[in-house]
Amino acid sequence: MKKNTWVNLGFQVGALVLALLITTLILVAAGAPPLKAYLSILSGAFGSTRNVVAVLITWSPLLLTTAGVLITFAAGLWNIGMEGQMTLGAIFATGMLRLFEHAALPPALIIILGILAGILGGAIWAALAGALKTFGGVNEIFGGLGLNFVATALTIYLVFGPWKRPGVGSMSGTQPFDQALWLPTLPGTELSIWSLVISVLVIALVYLLLRGTHFGLRLKAVGKNSKAAFLMGVPTWQYSMFAFLLCGAFAGLAGGIQVMGIYHRLLPNISNGYGFLGLLVAMLINYQALWAAPIAFLFAALNTGSVQLQIIYKLDSSFAGVLQDLLVLLVLLGEGARQRFIKKN
Amino acid sequence: MRKNVMTFALLAMALVMVLSACGPTPTPVTQAPATPPPATQPPATQPPAPTATQPPAPAATAAPFVFGMLLVGPHNDQGWSQATYDGGQYVEQKIAGSKMLYLENVYSGSPAYPGQTASQLAAQLVSQGAKLVFFNSDDMKDEALKFAQANPNIYVVGVSDDWTWKDGKNYTVSANQFDVMGRMEYMKMVAGCAAALTTQTGKIGFLGPLINDETRRLAASAFLGAKYCWTNVLKKDAANLTFTVTWIGFWFNIPGVTSDPSQVADNFYNTGYDVVISGIDTTEALVQAEKAKQAGKAVWALAYDYKSNCGVAPDICLGVPYFNWGPAYLSIVKTAVDGSWTQGFQWNAPDWTNINNPDTSAVGFNKGNGLSADNSTKLDAFIAELAGGLNLWKGPLNLQDKSVYLADGAAATDLQIWYLPQLLEGMQGDSVAK
């Protein structure tokens, strides 16, 4: 192995060990025995078929949002607006289901229409962020954040307004869909095999797109140096817009799956933070699509398994988030330190 | 290079686990008891008679009985969740060897549990040995039923639900489910009376949570109590009493989603309302009243849900109508322990011989320091009238749209009260979301 490889490895492992050590210290400070706490996370995530299913349910939308941001990151864009795009996907999917709920159409067709509507909703919302950047000069971070707020406000309006449950005004959500319009799940579980298959296919598609296609190469060129790419004949703004559209479509798909497969209704918090979590996963894997699936799975397992920490040790449920954030922060810090070290030597 | 990340992540995890094995003395771990699920399915039977007036007898079990609780808010929120948590602790005290597990902040789309529904979280409790799970909010109503139907060997209690009320609109056969609620309507009437006796402007605000059957009937009960004391005790004209309800959209503040209850309370106090009755799970009405008082305003508030809630701002607190879940929870858990469980529904009344008896009364009212001695006496007289059979849910009563709700002399049935379709005539505020 070359010297640089060992250096890289050292910094990465150091960051990971440091993250775990800090987490361990937090556990000790909270009065939880660290080893048992870690084991309880494992048990909470993999201790039973039901728990594994819960991990897979969380994994699926996370994989979709991660796939989306990998595209925009490749184009050099920070699509912070994933939450809003996911929300719009949920709104469009809900709208489609409500539209055809009582129509004489096969439920499967309505579900497919719902999924397509979700994709469309997310893409439209992402296109807005892209247009703000491309034609309005608004940084995509600010544009995305603003659109997130608008999406939330729109959901609240619908949940408390035209789509409210009869006689009810609550953020608990809209009237649940007819059971025939729920995404089919594995018997005895809430896991939709369709959402799982779609998510895996999407991440595989993104991997192939970024690694083995002319499009991917050009997209990366735009991301690395937009000016140079333009001079080389790449239509840069079109590529940026396409990256937004694709990312929004995946986020919208995730939103559609949330309403049709998990909650069976529209909620104000339907995005559940998956957009931001997808950003963390993408940063942790250094934007390499190959690692998206396992690391997203690790995050999903942490989210699911750490519920046990609250049950057993009365630790706050945000513990999983602390560990995830620490991992990302320290890996990024480690990467910065590594680059400085290599420059000096 | 990145191919090594996972490998080393696992190695690092293993390293920390080895290191941490030398850490501090482990605290006891709550382990699941190795008790089998109920051997037989609980049969669907007639609802049992309410047990609120029966003093619970301590029970002992041979094996530990683990029950779980999904709390909509924090277990120490000084509101609804703490009241129901205390009910679980009461069960632990009364049934030897019983053990409560809980998860807090469980509500639809809670960021605490991304992508996990209440029924999935209930499954996590079951994985730690829970044989019975309390779903403690109407926000989990659908999930409670879904979980009960998918897990026939686990007992489910839907707090404030009506799935198992045979006379109710939503009756569903779910043999392993039992729904329970306290008749808070009485204590809201008491709260309304305290507000009416105290207000100097004749303007009472009701800080409402979300809008549904439960919250409509509780707000209406407070109005009925206020109106009665305003007209019958103070002998004032009902036209001079203003009673306004403002809903925030959920049981507590969710920034960016609900209206801010602090702002809503401030709006009341800044627009001439000098008494605010809280209908939400948290304490903003009291906190803001205390601030307003320090700014020189003569204002008061009534707390809700939790017996010690006045402690947040004792001097401006007129009192707190509260839930005392212990006796009801105990009676339900005991049937699960001794095998006599049946599907059922309880809507438990106060023990009128002593509404604050922790062993017998499902709901109670604790007076606050803000209530004057004179008004305290009048309030006692009102409570005595209620205990003696005074029924304020009696016609003539119209709904907010002026349609007849109860004809002159007609008393409301439980169904009419539970499913109150609108606020009552004389109340200001939305009956349904707009």
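A salt bridge, as I use the term today, is a side-chain nitrogen of Lys or Arg within 4 Å of a carboxyl oxygen of Asp or Glu. Keep that in mind for the model on the screen, which is a predicted one.

Glu190(A) and Lys146(B) form a salt bridge through their side chains, with N to O at 2.6 Å. The reason such pairs turn up is simple: side chains of opposite charge can pair when their charged atoms come close.

How many salt bridges are there between chain A and chain B? There are two. Over all chains, the count is 12. Arg165(A) also forms a salt bridge, with Asp142(B), and there the closest N and O atoms are 3.1 Å apart. Arg165(A) sits in the loop between α6 and α7 of chain A, while Asp142(B) belongs to helix α4 of chain B, so this pair joins two chains.

Now the interface as a whole. On one side, 64 residues of chain A are in contact with 60 residues of chain B. Together the chains bury about 5700 Å² between them, and carbon and sulfur atoms give 62% of that area. Which three residues supply more than any other three of the area that chain A buries against chain B? They are Met171(A), Trp291(A) and Ile311(A), and their share is 11%.

There are polar contacts too. Across the interface of chain A and chain B, 20 residue pairs are in polar contact, counting pairs with both residues at pLDDT 80 or more. Several helices of chain A each supply at least two residues to the side that touches chain B, among them α1 (3-29), α3 (49-74) and α10 (236-263). The one that gives the most is α1(A), with 11 residues. Sorted by type, the residues on that side of chain A are 32 nonpolar, 24 polar and eight charged.

Next, empty space. Rolling a probe the size of a water molecule over the atoms shows where empty space is left. In this structure there are six cavities of 30 Å³ or more. The largest cavity holds about 110 Å³ of space. It is lined by 14 residues, and those closest to its centre include Tyr107(B), Ser108(B) and Glu143(B). Seven of the lining residues are nonpolar, four are polar and three are charged.

The second largest pocket has about 750 Å³ of space. Two or more lining residues come from each of α4 (82-100), α6, α11 and α14 (319-344) of chain A. Helix α6(A) gives the most, with five residues. The lining of the second largest pocket divides into 16 nonpolar, 16 polar and two charged residues.

Last, two details of the backbone. In chain B, Gly395(B) and Pro396(B) are joined by a cis peptide bond, with omega at about 10 degrees. Pro396(B) lies in the loop between α10 (373-387) and β15 (397-398) of chain B. In chain A, look at Tyr287(A): its phi is positive, about 65 degrees, although the residue is not a glycine. Where does Tyr287(A) lie? It is in the loop between α11 and α12 of chain A.

That is the end of my part.

Definitions and conventions
Residues are numbered from 1 along each chain as its sequence is written. Chains are lettered from A and ligands numbered from 1 in the order in which they are written. This is a predicted model: local features need pLDDT of at least 70, side-chain atom pairs count only at pLDDT 80 or more; totals for chains, interfaces and linings use all residues. Side-chain values use heavy atoms; hydrogens and water are left out. Contact means heavy atoms within 4.5 Å. Buried area is the accessible area (1.4 Å probe) that two parts lose on being put together, summed over both. A polar contact is a pair of N or O atoms within 3.5 Å; within protein, one must be able to donate a hydrogen and the other to accept it, and residues adjacent in sequence count only if both atoms are side-chain atoms. Helices (H or I, at least four residues) and strands (E, at least two) are DSSP runs, numbered from the N terminus. Ala, Val, Leu, Ile, Met, Phe, Trp, Tyr, Cys and Pro count as nonpolar, Asp, Glu, Lys and Arg as charged, and the others, Gly among them, as polar. On a 1 Å grid over the protein atoms alone, a cavity is a set of points where a 1.4 Å probe fits but cannot get out, and a pocket is an open set with protein on both sides within 12 Å along at least five of seven lines; lining residues have an atom within 4 Å of a point. Grid points are joined across faces, edges and corners, and a volume is the space filled by probe spheres set on the points.
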